[in-house]
Structures are given as structure tokens and as C-alpha cells.
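Let's take a walk through this one, a stop at a time. Have the sequence and the model open side by side as you read.

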Amino acid sequence: MSAIAQTLSSILGSDGVVEWDSLDSPTQQRLRCAFPSASLPHCIAYPSTQAQLAEAIAAIAASRCAFVPAGSLSKIDWGGVPSGVQVILSTARLNRLIEHAVNDLTVTMEAGMSLASLQSILADAGQFLALDPAYGDRATLGGIVATGDTGSWRQRYGGVRDQLLGVSFVRSDGELAKAGSRVVKNVAGYDLMKLFTGSYGTLGMICQVTFRVYPQSEASGTVMLSGDTAAIASASQTLLASALTPTAADLLSPGLVKQLGRGEEMGLVVRFQSVAESVQEQSARLMAVGETLGLKGTCHTQKDEADLWQGLRERMQPDGTFGAIACKIGVRPTEAVAALSKFAALSDGSGLGQIHLSSGLGWLQFAEGTVQESVLSMRQLCQSSGGFLSVMVAPISVKNQVDVWGYQGNALEVMRKIKQQFDSDHILSPHRFMGGI
């Protein structure tokens, strides 16, 4: 047993530390997708309380070991390739509900609770958390915040930052800290919550979060339109300019539409959730728009729409174990259709792309064996119109040859100063974020 594993075992107990050789094969494979083969983590540590977590991080800091915060490991391979990491510190056993203020529409839980578990708890009170991230069946709330992963509900409810009310975290020196509140109107510490959302575990380890939640809708329905690119663009602009209020609206690449068995042209999938009469009326209006433009339209009721959205999730969840390259994309909403058209051409129609209509954010998946030039060409297109393309999931050999984040802004120096203030010894997820942070 390594020295740091022995130290952590004295804090967490013998069952709180699992060394590399004792990890099951799927977990080892997952970690090999995230870490260089010459620098695999020695162990995974599982604190059971926030106090244990703080003590473990203090011990790691005293040993000057690098570590990566994690939850269920579902996104451990996102972003840059961490180097020199000896420990993965997991919140998997920090999964307790702290408080559900039903009347205040807020909920507080430990960071290791899975989104699926939380949604089940909220459903009993007729509520839900409006996040629809990748790996939603197993992703933890702390990991969702750390990666800023929102999903299709961004259209109506905004991103993670818009729904996060409070966060508690352990600093790199083992001290507990918090920002925000359990009260919706309290904005104290808002900037700190912004910093931690999408920080990829480089500033501290999130141990508790508070979110605003929403009442479940009475009814739900989804309209899918597919057809000519220009007609899809026109339908999209008509939707954005209308009084319709979708909770989700996504543009789909031809390759993704084909995999869903809905044709071989570009698609637009739109979800309405409200009272039954409103869902029916809004769905009918959008179907009429599609018919006018010569698009093929399908209207899904609440009984059968679940399969469509589940199919989208399954196909768009990045999986580095098969050698595909998955990228996060951001373009102006008005450029989204053109970006997907370019992507379809670069990927010979086989690539899978999904862009959220109102924000221009989304995901692109290049097929296994894609040449790097295609990815870089797509990045150049995005950047030429003020957007970005970041390589989230790819073989390590690819990540070692390209700038994963492709950041061209002027904030790197500010980011480095923030990193220095929060983690002066650079033991938190080293080199995972942009600029080697």
C-alpha cells in the first residue's frame, strides 16, 4: 500500500480506500481513458462525511500529493489530461439529503447524491430539478456543477449557474467553506458559485449544493421537424420570434436524425410542458409552421415522447472507451444551423450533433477514427464567428496533440491568479482545465 493510501486509510477506514489493483475492470478501463498509462492514480478514496472529506484533503495537502475530485466517475475523462495524480477523492458516499423546503422550492443535498435519486425524491412532492445532463442516470450533483453540464432544459430554465443557490466546498488546505444560501432571493456569494460552476475540480472540492426546483407540469408533448436545412433554419427563427414557450428546443444533425430513424436531413426537436390545453395548442402551431415550410413533422404525446428523448440522451452521451471524439460547441444561435451543416460535411454525414436553440451551446460527436484536422477545421469555423469548440472526450493520444480547450480569450491570467489563490500548491486536478490550470 502506498504511503498516501495508508494515510487515507487511517482517516477513512480500510473500506474507505480502494487501491488500483483492487478496482474492478470497468473502473480501471474508465480511468485509463482519463489518465496517462504511466501516471495512473494509486487509489480511490471514499469519505463518508464532510468532516472526513476535509480531513482527507488536509492530509493530501500535507503530503503534497495531487488529486482529482470525482463523484460517480461518469465525467472523469472530460477536459484536459491531469498529470501526476495519486488519488481520486470520490463523493459517492456523501449522498444524503440535507433539506427539502417544499414550499420554498429549494433542495439541499450532499454533492455525491445522484441526479436520478434526487429527481425521485422531488417527484414525490410534484417537483423536479430542471437539469438534463449527460449520464443523468448516474451523474452526481457535485459533478454536474463542476462540469456546468445542463442539457436541453436550458431553453426554458437556464444553466446550472441560474439554478444553483448555494455551495459548500473543501479548500485545498482542508478547510470547509461555503457560498450562497438556501434562500432563493439571497445572492450572497453569487460570484463564488459562478467560479465553481464549470471549474472541473480545480478550485476546491464541492461537498454540498442547494438548488431551486420547479413544480412538475401537468402535461408534456414534443414536436419533431425534419427536412431541408434552409427550412429548418426558418422554422427555428420563427419559433424564437414567436410567443411559444418551449422547455427544450434542439437542432439535430442529419447523422443524429438518421440514427433516430427519422430521415436523413437536419432536425428540430421541441418540447412543450404546461397544462394540457397549452401543450396541444403550442404543438399544433409549430406543426403548422413545419407544414408551411414543407418539413416532415411528428407530434409526440406524453405517452410516447420519453422514448425520443431517451434515444437522444443515449446517442449523445460521450463515451471515450470507443475512440470517438466528443466536443462541446458554442456558437451564436443564428449560426447554429450553419455550424451543424458544416459539421455534417466534415464528418461525412455520420457525426452526431445537438445544439440548444436559444443558447447555441451543444455537443458534437465525431466518429471513431476521425482525423484531427476535421476537429480543428470545425473549431476554426466556430471561432471565426465568435464561438468555441472544446474537446471534452477523446483518446489521450489525441488530447496530447491538440489544445483541448482552444481558448482564445484574454482571461487566462486572471484564471491563473484565481487558481493560485485557491490552490497555491496546484494539487487539485492539475492541468485539467484550460491554460494548464
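K75 counts as buried, at 7% relative accessibility, where buried means under 20% relative accessible area, exposed means over 50% and partly exposed is in between, using a 1.4 Å probe and protein chains only. Before going on, note that this is a predicted model, with local features needing pLDDT of at least 70 and side-chain atom pairs counting only at pLDDT 80 or more, while totals for chains, interfaces and linings use all residues. Residues are numbered from 1 along each chain as its sequence is written, and side-chain values use heavy atoms, with hydrogens and water left out.

So where does K75 sit? Look in the loop between strand 3 (66-70) and strand 4 (85-90); helices here are DSSP runs of H or I with at least four residues, strands are runs of E with at least two, and both are numbered from the N terminus. Leaving aside neighbours within four places in sequence, K75 is in contact with R30, P133, A134, Y135, A139, I144, T147, D149 and R432, contact being heavy atoms within 4.5 Å. The C-alpha atoms of K75 and G143 are separated by 7.6 Å, although the two residues are 68 residues apart along the chain.

You'll find F128 in strand 7 (residues 127-128), and F128 is buried, with a relative accessible area of 9%. Not counting residues up to four places away in sequence, F128 touches Q119, L122, W153, Y157, V213, Y214, P215 and Q216.

G311 belongs to helix 12 (residues 305-316). G311 is buried too, with a relative accessible area of 7%. Its C-alpha atom and that of L256 are separated by 9.9 Å, and the pair is 55 residues apart along the chain.

Now for some helix packing. The axes of helix 1 (residues 3-12) and helix 3 (residues 50-63) come within 10 Å and cross at roughly 155 degrees. Here axes are lines fitted to C-alpha atoms, for helices over the stretch in contact, and angles run from 0 to 180 degrees between N-to-C directions. Helix 1 and helix 3 are therefore roughly antiparallel to each other: angles over 145 degrees count that way, those under 35 as roughly parallel, 65 to 115 as roughly perpendicular, and the rest as oblique. The crossing of helix 1 and helix 3 is right-handed, meaning that the near helix is turned clockwise from the far one by less than a right angle, with anticlockwise giving left-handed. On the helix 1 side, I4, T7, L8, I11 and L12 meet Q52, E55, A56, A59, I60 and S63 in helix 3. By class, that contact has seven nonpolar, three polar and one charged residues, with Ala, Val, Leu, Ile, Met, Phe, Trp, Tyr, Cys and Pro counted as nonpolar, Asp, Glu, Lys and Arg as charged, and the others, Gly among them, as polar.

Helix 13 (residues 336-346) and helix 14 (residues 372-384) pack at an angle of about 165 degrees, with axes 10 Å apart. These two helices, helix 13 and helix 14, are therefore roughly antiparallel to each other, and helix 13 passes helix 14 in a right-handed crossing. A339, K342, F343 and L346 in helix 13 meet S374, S377, M378 and L381 in helix 14. Sorted by class, the contact of helix 13 with helix 14 has five nonpolar, two polar and one charged residues.

What about the cysteines? A disulfide is a pair of cysteine sulfur atoms within 2.5 Å, and by this rule the count comes to zero disulfides. For C33, the nearest cysteine sulfur, that of C327, is 16 Å away; C33 counts as buried, at 13% relative accessibility. The sulfur of C382 is 9.0 Å from the closest cysteine sulfur, in C327, too far for a bond. C382 is buried as well, with a relative accessible area of 1%.

Last, a bit of backbone. Most residues other than glycine have a negative phi. L105 is not a glycine, yet has a positive phi of about 60 degrees; L105 is found in the loop between strand 5 (97-101) and strand 6 (106-110) and is partly exposed, with a relative accessible area of 30%. H431, also not a glycine, has a positive phi of about 70 degrees. H431 lies in the segment after helix 16 (412-422) and is partly exposed, with a relative accessible area of 41%.
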